[in-house]
Amino acid sequence: MSVQASSAMVDNPWLAQSVEVATVTPELPGVATYHLRFRDAGLNERYRFRPGQFNMLYLPGVGEIAISLSAANEMSGTWDHTIRVAGNVTRTLAGLGVGGELALRGPYGTSWPLDECTGADVILVAGGIGLAPLRPAIHACFTQRKRFGRTTLLYGARSPDMLLYRRDYDVWADRGLNVSATVDRFQPGWSGDVGVVPLLVDRLRPLTPANSVMFLCGPEVMMRYTVRSALERGLRRDQIWVSLERNMQCAVGLCGHCQLGPAFVCKDGPVFRYDKIERYLNVEGL
Amino acid sequence: MKAVARPRNSPQSETLLLAKQDFQAFLDQLWQGGYRVVGPTIAQQAIVYDEIRRVEDLPRGWTDEQSGGQYRLTRRDDEAWFGFVVGPHSPKRYFFPPQVAVTQADRTSNGWQFSEVPDQEPPYALLGVRACELAAIAVQDRTFINEQYVDPIYRRRRERALIVAVNCTQAASTCFCTSMNTGPRCTQGFDLALTELPDSFTVEVGSERGADVLSSLPVTRAAPGSLLAAEAARQQAVDQITKGLDTKDIRDLLLSNLEHPRWDEVATRCLSCTNCTMVCPTCFCSSVKEVSDLTGDHVQREREWDTCFNWDFSYMNGGIVRNQIRSRYRQWLTHKLASWIDQFGVSGCVGCGRCITWCPVAIDLTEEVAAIRENPA
């Protein structure tokens, strides 16, 4: 019974619920968005998450991985995860196809602090597949458009053919998001910027630092330099949030793998206000 | 003359006396009450926890000699039953087992069915639990029960257990419970607390559950002479403690010295062998692996103790975060003594000294802290 299923997710943090792959959207070579639906229709109806949170996806006999939610898909009634093939679980998942079955527990972790940012200019900064955990925040900017000031996406990828969700940029722009993309390596046909993401922060105009917040997700080195640029542009450390990646195995602060200083990245993060994690994030090998 | 302190959670203020000749009846009572009695016994030349059915199973007449990197059993010149300090095991292994199935998946005609694995363990009666181990249980309660997410296996086993503590009457050179305010006297967290005398035990009752166990046994009210003898025996342990750890501002001291050269120095000695974490009564790290039957239709997720000293513990897509022993030792020590306080409001160290005894190269965490304190960044 569905009520039982719902409470089981709370009572036993190890127990996952059955989901199926409703559709798959190929994104990039080795990257696809998996649209997942709970087999328990009631649970699928009740499930909620906040932008920036993640789920544990489980394939019996293969393993379990932490993956950020990249969208709540109202059209298809699915919960979307954009995943790059990197290890056993992601490779097996990629081979499942539509109708394939796996299990999910979640959502876990902290979220982008949209509720605290009313009236602010929202600057979203992503590198590579780090755009996926920010996409629900982009969607929230549209559904709550009046709530925020100027909304901007600064995005960098290795090359033009590695730009994630590229089909959406025009739609996003039409809905009021200022989209700037840059690539590390030029390819024929690319007329946008070439260079690293922090350069987009350096050049961002207009910018009202006192009234801005920045949400940041990408490789740690990219986030470090982006923060440096943001601080130079006049943002304060407490106006910047970062989403961190660590080895998350239990997702509930019990297994110890994801610790960064005093933080369990799984439950105290993955989204941290920068001033609260900076002193640990910048210690090598911590 | 010292007053006999009463346990803070004692519903019964009167200290009782249980004769050693009635101890077998006490064990029988526990087994008949459905408990699986687990206590100290000798195996592989160490005092470890295992099933105790007969008083003969206890390490009567043996003691443990411990120092950095050293553990030896030797004969005592008396027949004391609990005349030792602590061995490599701790009660941790019963509430947070070294290996346990957390969930299972079965392939059916309707697809995979995911379910809990019923925990079949009978309730434990843990016998011989020391004050530092009571403190360690309280520390692990914070991790597994008191936070946002609860571990169901730990909670079930913990809530059903009966804890029969035994006060230390001696200390090892590795003991520093007095620095951590965790012992050597058992003051809370037990159902019964015993102090061993030559022919009897004084018994403090810490709970109704403990009182119930005694109800059919021939216990008497402890006479003043027995109380004084018990106090003197406990005082021996206090007097023998020589090691100390200065815990003043220890969190800030360690977290503001994350780049201290001492981490490089200790890394030249540390083997990253994981012994310290395996014997630690509070370390809680684990990993889950998939265990499938031959058909692949039945899969269990088995949780095993893991440790921050394992090289791939911090593995992630981008590589190993703590690739150096320096990083791994720093993680262990700063977690245990500093960031644990941020996470759970208490130190992760109870001063039992196991990590010192069982370190093959005798690294002593109290010395590592002292070295940083002496010359902070």
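In helix α9 of chain B, Arg262(B), Trp263(B), Glu265(B), Val266(B) and Arg269(B) meet Glu367(B), Glu368(B), Ala371(B) and Ile372(B) of α13(B), where contact means heavy atoms within 4.5 Å. By class, this contact has 4 nonpolar, no polar and 5 charged residues; Ala, Val, Leu, Ile, Met, Phe, Trp, Tyr, Cys and Pro count as nonpolar, Asp, Glu, Lys and Arg as charged, and the others, Gly among them, as polar.

The model is predicted: local features need pLDDT of at least 70 and side-chain atom pairs pLDDT 80 or more, while totals for chains, interfaces and linings use all residues. Residues are numbered from 1 along each chain as its sequence is written, chains are lettered from A in the order in which they are written, and side-chain values use heavy atoms, without hydrogens and water.

α9(B) covers residues 261–269 and α13(B) residues 365–374; they pack at an angle of about 150°, with axes 10 Å apart. Helices here are DSSP runs (H or I, at least four residues), and axes are lines fitted to C-alpha atoms over the stretch in contact, with angles from 0 to 180 degrees between N-to-C directions. The two helices are therefore roughly antiparallel (over 145 degrees).

Chain B has two domains, with bounds from an automatic or database domain assignment.

Key:
Parallel < 35°, antiparallel > 145°, perpendicular 65-115°, else oblique.
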